[in-house]
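This report reads selected local features from a single model. Please keep the sequence and the structure open while reading.

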Amino acid sequence: MEPLRIGIAGAGAIAQRNAREAATSGAAKIVGVFDVNQKVARDMASALKAPFFPTYEDLLRSQEVEAVLLSTPHHLHRPQTVQAANAGKHVLVEKPMANNLEEAEEMIRACRENNVKLSVNYSFRYLPKIRKAKELIDSGLLGTITGVQIVSHQFKDPGYWTGARSNSPDNWRASREKCGGGYLIMNVCHIIDYIYFLTGLKASRIYSEYGTLGSPAEVEDIISISYRLDNGAIGSISASSIMRGTEQSEERIWGTNGSLILNGEGISFYSTRPIDGKRPGQLYHIKKFPTFSWTAEWVRQFAAAVRKADGQPEVSFREGWENLAFIRSAYASLERGAALEVPKFETVR
C-alpha cells in the first residue's frame, strides 16, 4: 500500500509522539510540519526529515499533503478540520473530537461535503489487552451485560494545567473555553471509548456531580457519574486528577454469565461457561501482553480506509461524536441539576 502522505499540525509533546508513531507505522510518510511556535515546529520537522510550513494554510496548500494529523488544543479541532476538509485533505484529529456537539457536527458536515475521511484518536482500543478483552466478551464470557464500573484517579500537578512540561508551554488545559472541560474530556474519554467498543452498548441516560477542588483551573478535577446503558445496564464513573499517592485505574464489566476486570496488572475474568479453553467457575488472570504501538495502528487503519475507495475508518466520526455526546451530557447534567437523556447519533444530519 502506498504510504499516506501526512502533514502534522501541532508540535507539542503529544504531537511529537503522534508524529513519530505515524512515521514508523509503515503506512504513512510525514511530508510537512506546522506549529504556531515556529522553533519547535522547525526542530520537529528536522527530526522527521520533513518540510517546515510557517502557516497552517501553507501546509494545506501543499500538493504533497493528502491528510493532516491534528494534535492541537481542543478549541482548534473544529476550525482546523473544516479548513482541511475544504482543502480536500483527510483528517486524523486528537481526542476529543471537539468541545461540543455543534462543533463536531460542523466537522462531520465539512468532511461529508468534501468527500474526505475523518477519524478521532481513540486508539487505546487497539491495545492488546483491550483486544483480548473484546475477544473474551464476544465469545460469551459475560452473557447479557448488567453493570460497568470505571475508576480513574491520579494526580496532576499545577504544571500540567499551565503547560510547564511542554516544549511549547500554554495554559489552554486550564481554560473552559479552550478545553471544553477537565479530567473527563481530557483523560476519561479514552476509557469511555473502549468501554463502548468492548460492550457494543451506549449510554442512554446520565447524571453527574463534579467540581474543581485542588487545581489552578476553570475545569473539573473530580467527577462522579451514574448512567444507564441502552440495554438497561447500570454504569458508574469515579474519576479525579487530585488523588495523591498511588494511582487507581480499573474497569469492571459484569453480566449474567460472569465478570471481567481491566487494570494495570492485565485482565482478570470469571465465567459460569467454559471460555478461552478455561474451565468455568474459576477466576483467571492474563498478565502478559505484547508491546504494541496503538497510535501507529490507528494510523495504519486510517491509511487503509483512505486507500480503499469505499473504506471507512474503524474509529470514525460517529465514535468521536458518541463519545462527546456522553461527555457533554455529563457536564449538562450538573448544570441543570437533573438526569439527562444522551443524544443519539441518528439525529445528526
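Predicted model: local features only at pLDDT ≥ 70, side-chain atom pairs only at ≥ 80, totals over all residues.

## Cysteines

How many disulfides does the model contain? The count is zero. A disulfide needs two cysteine sulfur atoms within 2.5 Å. Cysteine 179 takes part in none. Its nearest cysteine sulfur belongs to cysteine 189, 9.7 Å away. Seen from cysteine 189, the closest cysteine sulfur is that of cysteine 179, and 9.7 Å is too far for a bond.

Are these two cysteines buried or exposed? The cut-off for buried is under 20% relative accessible area. Cysteine 179 has a relative accessibility of 0%, so it counts as buried. Cysteine 189 also has a relative accessible area of 0%, and therefore is buried.

## Helix α9

Helix α9 covers residues 183-199, 17 residues in all. At 1.5 Å a residue, the helix should span 24 Å. Its end C-alpha atoms lie 23 Å apart, which agrees.

Where is α9 kinked? The kink is centred on cysteine 189 and amounts to about 50°. Glycine 200 follows α9. The phi of glycine 200 is positive, near 75°.

## Helices α4 and α5

Two packed helices are described by the angle between their axes and the distance between the axes. Helix α4 spans residues 77-86, and helix α5 spans residues 101-113. Their axes come within 9 Å and cross at roughly 10°. Angles under 35 degrees count as roughly parallel, so α4 is roughly parallel to α5.

Which residues meet across this pair? From α4 come His77, Arg78, Thr81, Val82 and Ala85. From α5 come Glu103, Glu106, Met107, Ala110 and Cys111.

## Leucine 142

Leucine 142 sits in a loop. That loop joins α6 (128-138) to β6 (145-153). With a relative accessibility of 0%, leucine 142 counts as buried.

What does leucine 142 touch, leaving aside neighbours within four places in sequence? Its contacts are Ile137, Ile253, Trp254, Gly255, Thr256, Asn257, Gly258, Ser259 and Leu260. Glutamine 63 is 79 residues from leucine 142 in sequence. In space, their C-alpha atoms are 50 Å apart.

How values were computed
Residues numbered from 1 in each chain as written. Heavy atoms only, no water. Buried < 20%, exposed > 50% of the residue type's maximum accessible area, 1.4 Å probe, protein only. Helix = DSSP H or I, 4+ residues; strand = E, 2+ residues; numbered from the N terminus. Expected span 1.5 Å × (residues − 1). Bend = angle between axes of the 7 residues up to and from the residue. Axes fitted to C-alpha atoms, helices over the stretch in contact; angles between N-to-C directions. Parallel < 35°, antiparallel > 145°, perpendicular 65-115°, else oblique. Contact = heavy atoms within 4.5 Å.
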